[in-house]
Amino acid sequence: MGKYKLRCITCGKIYESSEVEYTCPKCGNRMGTLEVIYDYENIKIYREEFSKYENIWQFEKILPIEKGSYRTPLHVGGTPLYNTPSLAEELGIKELVIKYDGTNPTASYKDRASAIAITKAYEKGYDTIYCASTGNAASSLAGLSAPTKLKTFIFLPASAPIAKISQLFIYGAKVIPIDGSYDEAFDISMKIGEEKGWYCRNSAINPYLLEGKKTGALEIAIQNNWNIPDYLLVSVGDGTVISSFYKGFYDLYQLGLIDRIPKIIGVQAKGASAVKRVFDKGEPFLPDDIETNTIADSISVGKPRDVIKACKYVKASGGYFISVSDEEILSAIYELSLKTGIFGEPAGATSYAGLKKIAKKLGKEAKVAIVITGNGLKDIKAIEKFVKLRKIKPDLKAVREVIEEYEN
Ligand SMILES: *Cc1c(COP(=O)(O)O)cnc(C)c1O
Ligand SMILES: [Zn+2]
């Protein structure tokens with residue numbers, strides 16, 4: 001038997017990894033996303049073998065990759081985990097740790113997935129890789145494939161933040177900016193990618209991405225000295241990142257390295273809460289798509305591709321979904337920056353907006369982790385209302401007046 005197998009999230013059928021590339025042929029792309037399952041009993045793994053700030057390849061034993069295949073030389077993962085006791089006290093909870101993924105090579109959580117996708121593209125012998133993206137998966141794939149021989153095609157809404165689009169051109173990707181939504185770009189990319197026979201790095205379709213993303217959960221466990229939080233809050237668009245947090249803790253649990261899994265709480269933007277809607281309707285979970293409207297571009301997803309997994313995993317963890325307004329997201333960006341020095345992009349600070357909303361309910365004994373998934377510099381237009389730039393004449397009197405204003 002190989003190192004891992006693939007299992008359909010809906011029908012439960014188990015496939016050898018050589019039998020199927022993307023999703024369960026019987027259940028299709030939405031219902032038939034695949035889980036990577038390992039032979040947990042036979043994996044020898046110990047807490048002591050991990051270090052706190054090593055990159056994701058330290059988890060090779062529980063990643064679906066072959067020995068000796070391509071590994072990105074960029075430092076993906078090993079991002080900081082900050083303990084913020086005074087903020088926890090202010091919020092009325094016992095402990096708050098903040099996982100900040102804005103320090104990844106292309107400044108978002110997506111690098112964890114792109115790293116695995118590129119390794120798989122090499123293992124499978126492809127020369128071209130593509131993805132559809134709200135922006136970060138795009139810049140991530142472009143950045144990590146830049147030093148490789150792979151050709152990279154990117155489909156994204158032309159309305160994506162200019163910083164993310166700029167990354168694509170700087171990294172030399174072939175850019176297809178669609179005058180439409182992410183959901184439209186996604187469907188078009190799938191058609192073209194299939195026609196061309198390119199390797200697909202699309203959320204939920206490619207089962208290996210989630211395995212890269214789960215490394216964030218593994219790092220939280222290690223960096224927090226195996227003190228597992230009661231709750232973990234993370235923002236949700238397609239639903240892959242949140243699923244990956246459950247999966248990471250689930251793997252550690254199956255391996256006997258931890259004895260419980262945090263309750264996973266998904267935070268969506270009010271104007272794009274498609275996954276929350278499906279979850280709240282209850283089982284059987286079925287896709288139910290919407291039109292979106294939010295400033296948090298990275299989670300502006302109306303047709304979430306990993307909705308089934310996200311709902312099942314969150315339910316299994318004992319968690320739930322909440323939503324926050326754009327106003328709450330903007331205040332969260334500002335407040336988090338001011339109080340911790342961590343500057344998140346809108347979808348990044350969404351988890352903090354969610355925590356502010358429910359901290360009281362979680363209670364005085366709650367140990368909480370939140371994930372800031374992207375760097376604030378990715379989208380500076382969103383925060384322009386905080387930027388009060390005015391020109392001051394280059395003379396001392398004018399400057400003294402301004403300083404006086406600040407001091408009063
Ligand atoms: C992609 C992304 C998310 C959400 O991940 P999904 O897998 O789409 O749910 C959250 N924050 C940022 C910054 C992202 O780029
Ligand atoms: Zn199936």
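Two strands count as paired if DSSP finds at least two bridges between them. Strands here are DSSP runs of E with at least two residues, numbered from the N terminus.

This is a predicted model: local features need pLDDT of at least 70, side-chain atom pairs count only at pLDDT 80 or more, and totals for chains, interfaces and linings use all residues. Residues are numbered from 1 along each chain as its sequence is written, chains are lettered from A and ligands numbered from 1 in the order in which they are written, and side-chain values use heavy atoms, with hydrogens and water left out.

I start with strand β1, residues 4-8. Four of its five residues are buried, meaning under 20% relative accessible area with a 1.4 Å probe, protein chains only. β1 pairs with β3, residues 34-38, in the antiparallel sense over five bridges; there, Arg7 has Glu35 as its bridge partner. β1 also pairs antiparallel with β2, residues 14-16, over three bridges, and Leu6 is bridged to Tyr15. β1 and β2 make a hairpin with five residues between them, and Gly12 in the turn has a positive phi of about 80°.

Now the cores. A nonpolar core is a set of buried Ala, Val, Leu, Ile, Met, Phe, Trp, Tyr and Cys residues joined through side-chain atoms within 4.5 Å. The largest has 95 residues, and Leu232, Phe245 and Phe249 have the most contacts inside it. Domain 1 (1-42) and domain 2 (81-107 + 209-385) both contribute residues, so this core lies between them; the bounds come from an automatic or database domain assignment. Apart from it lies another core, of 35 residues, including Ile98 and Tyr352.

Terms used:
Buried means under 20% relative accessible area, exposed over 50%, partly exposed in between (1.4 Å probe, protein chains only).
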